[in-house]
Amino acid sequence: MNFYAITSIYRFEMARTFRTLLQSIASPVLSTSLYFIVFGSAIGSKIQEIDGIHYGSFIVPGLVMLSLLTESISNASFGIYFPKFNGSIYEILSAPVTMWEVVIGYVGAAATKSLMLGVLMLITASFFVPIRIDHPILMVFFLVLTCISFSLFGFVIGIWADSFEKLQMIPMLVITPLVFLGGSFYSIQMLPPFWQKLSMFNPVLYLVSGFRYSFFERADVALSVSISMILVFLTVCLTVTWLIFRTGYKIKN
């Protein structure tokens, strides 16, 4: 294992984050504050509690998950796309590093940035609503696993994309709607039976539900199912990444 190569890629990506603090950190935190003002005040005045939990506190896991998913994908996809765009990817491919060392460097940096953002989101949320975490170890488990899984997914998107528009297409047109429809701001038990069944096909529901369980011991689906779903997603992303490097898809041509 070439730790020097991994560290070089990781430090380069982290340095890029600190050069763009306004975009990388301040913007998501500001967006979260606005969500709390709009949803917490406007909707919270109509819906006081859900399952005995104050509505403002109830939406915290969903808001954190929304930012984690979008930022993990964006950070990792841009991190690998930009070397493709300016041609420096060939320096990496010709260097004595393996595919997994490249993946660990880029995905590790993206996951670290998303994890930092998740912690900042929780701190920001604590200024607006009281936060209770019943299972802190489980919460950290979901945070880390979600950051790694979706950073890996973003890495795949960055290799697949051949324009900046495609980088934003999946986070904006797929991930964000799935998060909003995945029980982030409500419990699916509030929906009619047909929509409850339809929501079960939304993969983000299992992430939000499992993450919320770590806070309040309330979930729309079983905890074991949530953990299984994210492990399956991680396995799929690892397999796709391996196939990409094995075939050289959109890297060597």
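Visitor: In which helix is Ile92 found?

Guide: In this predicted model, Ile92 belongs to helix H5, which covers residues 89-94.

Visitor: Why does Ile92 count as buried?

Guide: The cut-off for a buried residue is a relative accessible area under 20%. Ile92 has 16% relative accessibility, and therefore counts as buried.

Visitor: What does Ile92 touch, not counting residues up to four places away in sequence?

Guide: Ile92 touches Val97, Val102 and Tyr106. A further spatial relation involves Ala5: this residue and Ile92 are 87 residues apart in sequence, yet their C-alpha atoms are 9.4 Å apart in space.

Visitor: What makes the rings of Tyr106 and Phe155 a pair, and how is that pair classed?

Guide: By the ring rule the count comes to 16 aromatic pairs. The centres of the Tyr106 and Phe155 rings are 6.3 Å apart, and the rule asks for centres within 6.5 Å. Their planes stand at 40°; stacked requires under 30 degrees and edge-to-face over 60, so this pair is tilted.

Visitor: Why is the pair of Tyr106 and Phe155 said to tie together separate parts of the chain?

Guide: Tyr106 lies in helix H6 (residues 99-126) and Phe155 lies in helix H7, so the pair ties together parts that are 49 residues apart in sequence. Both residues are buried.

Visitor: What orientation do the rings of Phe150 and Phe153 have?

Guide: Their centres are also separated by 6.3 Å, but their planes are at 90°. That angle is over 60 degrees, so the pair is edge-to-face. Both residues lie in helix H7, 3 residues apart, which is about one turn of the helix. In general, an α-helix has 3.6 residues a turn, so residues three or four places apart point the same way. Phe150 is buried, with a relative accessible area of 6%.

Visitor: Which residues form one aromatic cluster?

Guide: The cluster consists of Phe78, Tyr81, Phe82, Phe85 and Phe164.

Visitor: How do you know that Thr146 is buried?

Guide: Its relative accessible area is 0%, and the limit is under 20%, so Thr146 is buried. Thr146 lies in helix H7, residues 136-160. Leaving aside neighbours within four places in sequence, the contacts of Thr146 are Met65, Leu69 and Ile230.

Visitor: Why is the interaction between Asp134 and Arg132 called a salt bridge?

Guide: The closest N and O atoms of Asp134 and Arg132 are 3.0 Å apart, and the criterion is a separation within 4 Å. The pair therefore qualifies. Asp134 is partly exposed at 30% relative accessible area, and Arg132 is partly exposed at 42%.

Visitor: How many salt bridges does the structure hold?

Guide: The structure holds 2 salt bridges. One of them joins the side chains of Lys166 and Asp162 at 3.3 Å, N to O. Lys166 has 25% relative accessibility; this value falls between the limits of 20% and 50%, so Lys166 counts as partly exposed.

Visitor: How do you know that the length of helix H10 agrees with expectation?

Guide: At 1.5 Å a residue, the 14 residues of H10 (residues 203-216) should span 20 Å, and the end C-alpha atoms are 21 Å apart, which agrees.

Visitor: Why is H10 described as largely enclosed by the rest of the structure?

Guide: This description applies because 12 of the 14 residues of H10 are buried. Among them are Tyr206, Phe211, Arg212 and Phe216.

Visitor: What is found at the start of H10, and which residue follows the helix?

Guide: At the start, a side-chain oxygen of Asn202 comes to within 3.0 Å of the backbone nitrogen of Val204. H10 is followed by Glu217, which is placed in the loop between H10 and helix H11 (223-247).

Visitor: What makes the phi of Glu217 worth noting?

Guide: Most residues other than glycine have a negative phi. Glu217 is not a glycine, although its phi is positive, about 55°. With a relative accessible area of 39%, Glu217 is partly exposed.

Visitor: Which residues does the UniProt annotation "transmembrane region" cover, and how helical is the chain over residues 221-245?

Guide: According to the unreviewed UniProt entry, the annotation covers residues 21-43, 55-82, 140-161, 167-186 and 221-245. In the model, residues 221-245 are 92% helix and 0% strand, with end C-alpha atoms 36 Å apart. Residues 167-186 are 70% helix and 0% strand, and their end C-alpha atoms lie 29 Å apart.

Key: Residues are numbered from 1 along each chain as its sequence is written. This is a predicted model: local features need pLDDT of at least 70, side-chain atom pairs count only at pLDDT 80 or more; totals for chains, interfaces and linings use all residues. Side-chain values use heavy atoms; hydrogens and water are left out. UniProt positions are given in the numbering used here, feature names are shortened, and annotations may be inferred rather than shown by experiment. Helices (H or I, at least four residues) and strands (E, at least two) are DSSP runs, numbered from the N terminus. Buried means under 20% relative accessible area, exposed over 50%, partly exposed in between (1.4 Å probe, protein chains only). Contact means heavy atoms within 4.5 Å. The expected span of a helix is 1.5 Å times one less than its number of residues. A polar contact is a pair of N or O atoms within 3.5 Å; within protein, one must be able to donate a hydrogen and the other to accept it, and residues adjacent in sequence count only if both atoms are side-chain atoms. Rings of Phe, Tyr and Trp (its six-membered ring) pair if their centres lie within 6.5 Å; planes under 30 degrees apart count as stacked, over 60 as edge-to-face and the rest as tilted.
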